[in-house]
Amino acid sequence: MVSVTRAVFGELPLGAGTVEKFQLQSDQLRVDIMSWGCTITALEVKDRQGRASDVVLGFAELEGYFQKQPYFGAVVGRVANRIAKGTFMLDGKEYKLAINNGPNSLHGGVRGFDKVLWTPRVLSNGVEFSRVSPDGEEGYPGELKVWVTYTLDGGELVVNYRAQASQTTPVNLTNHSYFNLAGQGSPNIYDHEVTIEADAFLPVDESLIPTGEVAPVQGTAFDLRKPVELGKHLQEFHINGFDHNFCLKGSKEKHFCARVHHAGSGRVLEVYTTQPGVQFYTGNFLDGTLKGKSGAVYPKHSGFCLETQNWPDAVNQPHFPPVLLKPGEDYDHTTWFKFSVA
């Protein structure tokens, strides 16, 4: 059984609307999601003793999400991740996007899908959010109708993304939750054991754009096909952290993506998806300046993201999986976050 309750979470400035929060609860999980950016604001999971902790980073009040912050819990789009130099060519026309991350465009631009109010609809086991992204929003072509649905099934949170375009446009949607399975506010994720089911990854240049090479993980720091303890692994390979796309199976069916185990609490997160890639990010840019829930601060490496998605900059790299959505087609992808204890 899943219960769904809704409540007012806060008001947008200048009378721009009311933000609601939806609480989804099963016997194993409790998830809070708000209509501003379809954002997961809390996710409570039991440990092996049956004690529940909130395992996602974020803020207790709506105002926290209005400050400059790194997309905590939000849905990002119209195109997640980076587009080189904020430009792409489509049908002989050059499109220019906002440059908001070094020389590149990141996560849909200055006011992406994370910074807008979505229209909610309560379901028996979850909530559906929808919006229409107008033609030209953030420089993207065509009107895009979007639906993001969160449903709960026991220990599993299921996120489905659908979109329909009025003209050809790149689309790449994901959720940007930062997890810490020891509980949000824990100082780091070094004691987390990570597995990613990927034989290849995308090397990046200094501005974090894929070089175009699809590199085998074999013999590199990116070989996470067998579990590695994160802290030891970063030390062993002398790397600052991960912020890379791992190349998953090319199938449109549900496939296993990643598993993270926190031995201290026993919590396990398994991720399954229909997407061809996952951006594994270890919170390298967190710096302890943001004040989170329950007085937490979020220093470097205090949370990780597993952003299931198409490969970064695919709109400029023809040998990457197709990222263009044409009129009459359905963009339809699902990601499953499955929590358990071991």
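1. Basis. The model is predicted: local features need pLDDT of at least 70, side-chain atom pairs count only at pLDDT 80 or more, and totals for chains, interfaces and linings use all residues. Residues are numbered from 1 along each chain as its sequence is written, and side-chain values use heavy atoms, with hydrogens and water left out.

2. The sheet. Strands are DSSP runs (E, at least two residues) numbered from the N terminus, and two of them pair if DSSP finds at least two bridges between them.

3. The β14–β27 pair. Strand β14 (residues 156–165) is antiparallel to strand β27 (residues 331–341), with eight bridges between the two. E156 has K338 of β27 as its bridge partner.

4. H176. This residue sits in the loop between β16 (174–175) and β17 (192–196). H176 is buried, with a relative accessible area of 3% (buried means under 20%, exposed over 50%, partly exposed in between, with a 1.4 Å probe and protein chains only). The side chains of H176 and H107 are joined by a polar contact of 3.3 Å (a pair of N or O atoms within 3.5 Å; within protein, one must be able to donate a hydrogen and the other to accept it, and residues adjacent in sequence count only if both atoms are side-chain atoms).

5. E307. Strand β25 (residues 305–309) holds E307, which is buried at a relative accessible area of 2%. Its side chain makes a polar contact of 3.4 Å with that of H176.

6. S340. Strand β27 also contains S340, which is partly exposed at 29% relative accessibility. Not counting residues up to four places away in sequence, S340 touches G266, R267 and V268 (contact means heavy atoms within 4.5 Å). The C-alpha atoms of S340 and V268 are 5.1 Å apart, although 72 residues separate them along the chain.

Notes: Helices (H or I, at least four residues) and strands (E, at least two) are DSSP runs, numbered from the N terminus.
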